[in-house]
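Thanks for coming. I will go through one structure today, part by part, and you can follow along on the screen.

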Amino acid sequence: MDLKTFVANETVLYELSHAMNSDTFPHAIIIDGAAGTGKKTLADIIARYCVCLSDGEKPCGHCPGCLKALHGTHTDIFIADGNTPGALAIDAIRKIRSDAYIVPNEAPKKVYEILDCDKIQAAAQNALLKILEEPPKNVVFVLTVTSANMLLQTVRSRSRIYTLYPPAPEQAAQFLRELYPDKDSEELLSAARLTDGNIGKAIQTIESGSEEAKALADEIMAAVTTKREYDLLLLTSRLSAGREFASSVLDFMLEDVGECIRASVGLPTNLKAAQDIAAKLSPKRVYKLADNIENAKNVLKSNVNLNFFGTWLCAVLKSVVSG
Ligand SMILES: [Zn+2]
């Protein structure tokens, strides 16, 4: 991701891209905004800009500098995260301060990402202030915080402040569609609306749904050969929670069947249910299971009643195992 694909308020994007194309890139930046607005993502883009070796537009995304940054192995990018105990303590900041006077290893600029500064102590800020007042050449500090007002006025006055706001839900949904091309477009829009366009929170909502779907898929697969029909039904009836959720459970079940197929030809698998199924069903039945789950995905796309769908799927799965 670079500035062109980063979704944020136009002013920030305009000012930042202007700074990136001028010779006067600020040596201290504060990015503020609510959780989920992309502060860390933007800090990372700025860090890549600083270490990019391209003669053209930066960050280019493919020079050795950008690649090392993307892999988290660039020696001129230093990250201190306020969520790690002690990372922003006065001693840690003093260490950053003395390190900043050492010239960059290989990049045009050295970057210090000082993240989640909401709880940084005044003494630590004062230690940082000394270097912000007389910054060494080719060093950029990027601080992220929920609100710049939580930092000392003296720190703020030495920094360029960029404030992030969530985009309109429709714009956030557009971004989510690119991130999740396989997911239902309407469901993504509703996640974006639910979170008022806050992309980070929308991703959290979508991902936690995925975790739940994965867990249920594994449970269903484990129950297919080991549990009574009634117990399996209790699990498949949970698919009535939503069409997108049910579809995602089926996708995870298909992945599990893939594991069963691996197990049935003797390849290693970490999924216990896959080993169980492979031990109990012939490879032919395992393939039939896959066909039936594929078919269930098609049934789900038609306007089938979701309560009925769970019952139907339970019967189908049981018939493959026993029939
Ligand atoms: Zn580059």
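Predicted model: local features only at pLDDT ≥ 70, side-chain atom pairs only at ≥ 80, totals over all residues.

**The sheet, the domains and the cores**

Five strands form an open sheet in the order β2-β3-β4-β1-β5, and the pairing is parallel. At the edges stand β2, residues 77-81, and β5, residues 160-163; each has a single partner strand, so one side of each has no neighbour in the sheet. On average, neighbouring strands of this sheet are turned by 15° against each other, direction ignored.

Strand β3, residues 110-115, and strand β4, residues 139-145, are joined in the parallel sense by 5 bridges. In that pair, Lys110 stands opposite Val139 of β4.

Next, the chain as a whole. There are two domains in the assignment: domain 1 covers 10-165 and domain 2 covers 202-322. Their centres, taken over C-alpha atoms, are 46 Å apart.

Now the nonpolar cores. The largest one has 54 residues, and those with the most contacts inside it are Ile29, Ile46, Ala47, Ile114 and Val142. Which helix gives the largest share of this core? Helix α2, residues 39-51, does, with 8 residues. What does Ala47 touch, if we leave aside its neighbours within four places in sequence? Ala47 is in contact with Ala69, Ile77, Val111, Glu113 and Val142. There is also a second, separate core of 29 residues, which includes Leu216, Ala278, Ala296 and Cys314.

Ala278 brings us to helix α12, residues 272-280, where the buried residues are Ala273, Ala274, Ile277 and Ala278. Why do these count as being on the same side of α12? They cover an arc of only 130° around the axis, and that puts them on the same side. The face turned away from the buried side of α12 carries Lys272 and Ala279, which are exposed. The cover over the buried residues of α12 includes α9, α11 (243-264) and α13 (283-301).

Helix α9 runs over residues 199-226, and Ala202 is found in it. Is Ala202 buried or exposed? Ala202 has 27 other C-beta atoms within 10 Å, and the cut-off for buried is 20 or more, so Ala202 is buried. Not counting residues up to four places away in sequence, Ala202 touches Ala172, Leu176, Ala191, Ala192 and Thr195. Val7 is 195 residues away from Ala202 in sequence, yet the two are 13 Å apart in space, C-alpha to C-alpha.

Last, some backbone details. As background, most peptide bonds are trans, and most residues other than glycine have a negative phi. Lys58 and Pro59 are joined by a cis peptide bond, with omega about -5°. Pro59 lies in the loop between α2 and α3 (64-70).

Two residues have a positive phi. Asn138 is not a glycine, and its phi is near 60°. Asn138 is in the loop between α5 (122-133) and β4, and is partly exposed, with 16 other C-beta atoms within 10 Å. Asp196 is not a glycine either, and its phi is about 55°. Asp196 is in the loop between α8 (185-194) and α9, and is partly exposed, with 15 other C-beta atoms within 10 Å.

That is what I have; questions are welcome.

Notes: Residues numbered from 1 in each chain as written. Pairing = 2+ DSSP bridges. Helix = DSSP H or I, 4+ residues; strand = E, 2+ residues; numbered from the N terminus. Axes fitted to C-alpha atoms, helices over the stretch in contact; angles between N-to-C directions. Domains from an automatic or database assignment. Buried ≥ 20, exposed ≤ 12 C-beta atoms within 10 Å, placed from the backbone. Contact = placed C-beta atoms within 7 Å. Core = buried A, V, L, I, M, F, W, Y, C linked by C-beta atoms within 7 Å. Arc of directions from axis to C-beta.
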